[in-house]
Amino acid sequence: MTLQWTLVAYFLYGEIALVLLLCVPKISARRWNRIFNSPLFRGLAGYANFYFLAFVAILVLLFLDALNQMRKHDEKLKPGDSTILPSHMDPHAFGTMLKFRAQRNFYISGTALLLIVVLQRLITSLCREARLEASHEAALKQASNLSDHTKKVMTENEKLR
């Protein structure tokens with residue numbers, strides 16, 4: 001693989017690791033929310049957002065290039081195209097090899113783009129779940145305080161009778 005596709009593959013592996021890490025049930029949504037809202041992450045997010053969007057744009061270009069290469073190598077090699085063949089290779093095997101590489105690059109870049117969307121949705125869902133848990137606990141505490149206050153008022157009301 002060339003350097004660009006090696007970098008895309010490593011990015012894909014990193015995304016897979018991050019998705020698996022975010023899906024670990026031992027780490028609660030509240031903890032993830034605290035991590036995502038920490039000053040360190042907020043500071044990094046300001047700088048990293050531009051570079052991340054640039055990398056996504058490059059990834060889209062590589063995806064389109066892989067799609068173009070797949071379409072180009074889908075056609076059979078013509079006898080006049082033998083000038084691009086190494087002398088020791090069969091034309092059919094060479095064409096199949098090029099098609100395989102184009103398909104591999106297409107799947108790597110497509111899966112990396114798909115996992116970007118999945119990661120964004122997963123992080124959004126985790127943060128939303130943490131906010132819902134916090135509001136749920138606040139509502140329960142408020143209801144408990146209101147219930148205690150109501151009981152206190154009822155006992156005072158009965159004492160006055």
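**Notes on the predicted model**

1. Sorted by class, the residues that line the largest pocket comprise 16 nonpolar, five polar and two charged ones. Please keep in mind throughout that this is a predicted model.

2. The space in this largest pocket comes to about 900 Å³. The lining numbers 23 residues, of which Leu18, Phe41, Ala45, Phe52 and Ile123 are the closest to the centre of the pocket.

3. As for where the lining comes from, H1, H2, helix H3 (39–74) and helix H4 (91–160) each contribute at least two residues to the largest pocket. The greatest share belongs to H3, which supplies nine residues of that lining.

4. On confidence, the average pLDDT of the protein is 86, and 93% of the residues reach at least 70. Confidence is highest in H1, with a mean of 92, and lowest in helix H2 (residues 29–36), with a mean of 86.

5. A residue to look at in detail is Val8, which is part of helix H1 (residues 3–22). Its relative accessibility is 2%, and because buried means under 20%, Val8 counts as buried. Setting aside residues up to four places away in sequence, Val8 is in contact with Leu59, Leu62, Ile108 and Ser109.

6. For a sense of distance along the chain, Val8 and Leu21 are 13 residues apart, and their C-alpha atoms are separated by 20 Å.

Methods
Residues are numbered from 1 along each chain as its sequence is written. This is a predicted model: local features need pLDDT of at least 70, side-chain atom pairs count only at pLDDT 80 or more; totals for chains, interfaces and linings use all residues. Side-chain values use heavy atoms; hydrogens and water are left out. Helices (H or I, at least four residues) and strands (E, at least two) are DSSP runs, numbered from the N terminus. Buried means under 20% relative accessible area, exposed over 50%, partly exposed in between (1.4 Å probe, protein chains only). Contact means heavy atoms within 4.5 Å. pLDDT is the predictor's confidence in each residue, from 0 to 100. On a 1 Å grid over the protein atoms alone, a cavity is a set of points where a 1.4 Å probe fits but cannot get out, and a pocket is an open set with protein on both sides within 12 Å along at least five of seven lines; lining residues have an atom within 4 Å of a point. Grid points are joined across faces, edges and corners, and a volume is the space filled by probe spheres set on the points. Ala, Val, Leu, Ile, Met, Phe, Trp, Tyr, Cys and Pro count as nonpolar, Asp, Glu, Lys and Arg as charged, and the others, Gly among them, as polar.
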